[in-house]
Amino acid sequence: MIRKNVSLDEAHLQKLQPLLEKNGGNLSAAIREVIDLVSPGPEIHGTPDETSENMRKKESSPETRERLLVSGECVMISQQMLKWLVKSSAGKLIGEDVVHELINPYLVTTISDLEEYLNQSSKQMGWKIEVSSSCKESFQNGFVTMEFIGGDRDLREFLVEVVCIFLSRGMDLDTEALHRKSNSITVYLRRFSRHGMKDITPGVRKHFGSKDILYREIERKPAFWVTLAELYTKFNYQRVNLDKSLFEALLAGKLPDITKYFEIKADRPLREIPLSELLPLFKYLVVASQLVSDVEIYAEKGKECIKIRHDYSDESVVLKLIQLFSNLFEAGLHRFSVSSVSELIIFDFSLPGTSKRDAVKVSPDLDFQ
């Protein structure tokens with residue numbers, strides 16, 4: 001037993017943390033394990049360059065993968081199964097525990113660490129994915145790019161999401177854009193100031209979590225959503241989704257006020273929502289609620305118009321629907337004319353001399369041409 005004094009700073013201790021936990025806090029045992037992991041072994045001789053090359057060959061050898069399989073750290077899975085798993089969970093954000101299982105935040109603290117770690121893991125695991133970045137330790141103008149080349153397309157997509165979530169959580173980098181080619185993905189990242197926010201960054205949610213809220217709600221209330229899906233399927237989606245207060249107003253014979261739904265979604269008062277934003281929002285909310293079949297938007301400046309398609313046959317219902325939507329646009333101080341033909345309602349906002357203070361009110365007994 002040889003005893004030596006070894007100087008370590010906090011950064012090195014953080015990198016050793018997983019091995020310290022594994023060895024019950026015994027620092028000597030942790031360092032011995034590190035030496036065993038990096039030691040080339042007595043069978044390797046030669047210059048430092050030859051030793052390094054032999055180590056790289058050993059890292060990518062079948063024996064390394066066999067060791068990972070025997071230890072239970074990894075399992076074998078067919079590409080077909082992998083593709084099914086990745087595609088079936090598309091749009092759901094990967095959990096932080098899974099991300100940290102693949103990329104240890106104590107060992108990987110810089111972009112260069114991450115690049116080296118991913119390339120080493122790719123060789124060990126046989127991913128055949130090469131990772132490179134536009135910078136190592138510093139950022140120019142707050143931006144950085146990372147490129148993932150080769151390997152299976154679905155595995156590449158999975159790895160890119162893991163890396164983006166890791167960078168979002170650990171290095172305050174948000175995903176600005178993704179550029180996909182047949183054999184590569186380029187990720188554009190930017191600095192993101194959280195200001196105390198602990199949730200996932202907007203770019204990561206946009207590019208990888210489009211269905212995350214759906215998955216979370218299904219997992220939270222599976223019986224409710226399964227029943228709802230069955231009902232919508234059996235009735236061929238001929239159902240209307242209404243808020244309780246809106247339903248109550250209709251039962252009481254009143255015309256409900258729907259402005260609050262638009263203000264909640266836009267996170268601002270209705271009068272502050274310009275027509276160019278209000279019309280897409282109108283289509284989003286009204287079609288999602290199944291109040292109408294479809295909404296066509298004509299958004300050319302000065303010639304704005306929407307065509308609302310429905311399948312109601314009762315004229316009084318159509319008139320109430322027109323009044324409901326008219327009240328909304330009137331509350332937003334938008335001038336318009338309205339007409340109705342068969343199963344089509346048309347709101348025309350291209351009136352001459354348009355003024356927000358000249359809103360036109362439509363009465364329920366309007367005589368349509």
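Trainee: Let's start with H7. Which residues in H7 are buried?
Mentor: Keep in mind that this is a predicted model. In H7, the buried residues are Ile111, Ser112, Asp113, Leu114, Glu115, Leu118, Asn119, Ser121, Ser122 and Gln124.

Trainee: And what does H7 meet in H8?
Mentor: On the H7 side, Ile111, Leu114 and Leu118 make the contact, and they meet Leu159, Val163, Phe166, Leu167 and Met171 of H8. By class, that contact has eight nonpolar residues, with no polar and no charged ones.

Trainee: Okay. At roughly what angle do the axes of H7 and H8 cross?
Mentor: Roughly 155 degrees, and the axes come within 12 Å. Angles over 145 degrees count as roughly antiparallel, so H7 is roughly antiparallel to H8. As for the hand, H7 passes H8 in a right-handed crossing.

Trainee: How far apart are the end C-alpha atoms of H7?
Mentor: They are 21 Å apart. At 1.5 Å a residue, the 15 residues of H7 should span 21 Å, so the two agree.

Trainee: What follows H7?
Mentor: Gly126 does, with a positive phi near 75 degrees. Then there's Lys128, which sits in the loop between H7 and strand E1. Lys128 isn't a glycine, yet its phi is positive too, about 60 degrees.

Trainee: Is Lys128 buried or exposed?
Mentor: Exposed, because its relative accessible area is 70% and the cut-off for exposed is over 50%.

Trainee: Switching topic: where is Cys74?
Mentor: Cys74 is in the loop between helix H4 and helix H5. Cys74 has a relative accessible area of 17%, and buried means under 20%, so Cys74 counts as buried.

Trainee: What is Cys74 in contact with, leaving aside its neighbours within four places in sequence?
Mentor: Leu68, Leu69 and Met125. With Met125, the separation in sequence is 51 residues, while the C-alpha atoms of Cys74 and Met125 are 8.8 Å apart in space.

Trainee: Now the other pair. How do H13 and H14 cross?
Mentor: Their axes come within 11 Å and cross at roughly 110 degrees. Since 65 to 115 degrees counts as roughly perpendicular, that is how H13 lies relative to H14. H13 passes H14 in a right-handed crossing.

Trainee: Which residues make the contact?
Mentor: From H13 you have Tyr261, Phe262, Lys265 and Ala266, and from H14 Leu278, Leu281, Phe282, Tyr284 and Leu285. Sorted by class, the contact of H13 with H14 has eight nonpolar residues, no polar ones and one charged.

Trainee: What's in the loop between H13 and H14?
Mentor: Asp267 is one to look at there. Asp267 has a positive phi of about 60 degrees despite not being a glycine, and at 70% relative accessibility Asp267 counts as exposed.

Trainee: Last one: what do the buried residues of H14 pack against?
Mentor: They pack against H13, strand E5, strand E6 and helix H15. The buried residues of H14 are Leu275, Leu278, Leu279, Leu281, Phe282 and Val286. Just after H14, Gln290 has a positive phi of about 70 degrees.

Conventions. Residues numbered from 1 in each chain as written. Predicted model: local features only at pLDDT ≥ 70, side-chain atom pairs only at ≥ 80, totals over all residues. Heavy atoms only, no water. Axes fitted to C-alpha atoms, helices over the stretch in contact; angles between N-to-C directions. Helix = DSSP H or I, 4+ residues; strand = E, 2+ residues; numbered from the N terminus. Parallel < 35°, antiparallel > 145°, perpendicular 65-115°, else oblique. Left-handed = near helix turned anticlockwise from the far one by under 90°. Contact = heavy atoms within 4.5 Å. Nonpolar A, V, L, I, M, F, W, Y, C, P; charged D, E, K, R; others polar. Expected span 1.5 Å × (residues − 1). Buried < 20%, exposed > 50% of the residue type's maximum accessible area, 1.4 Å probe, protein only.
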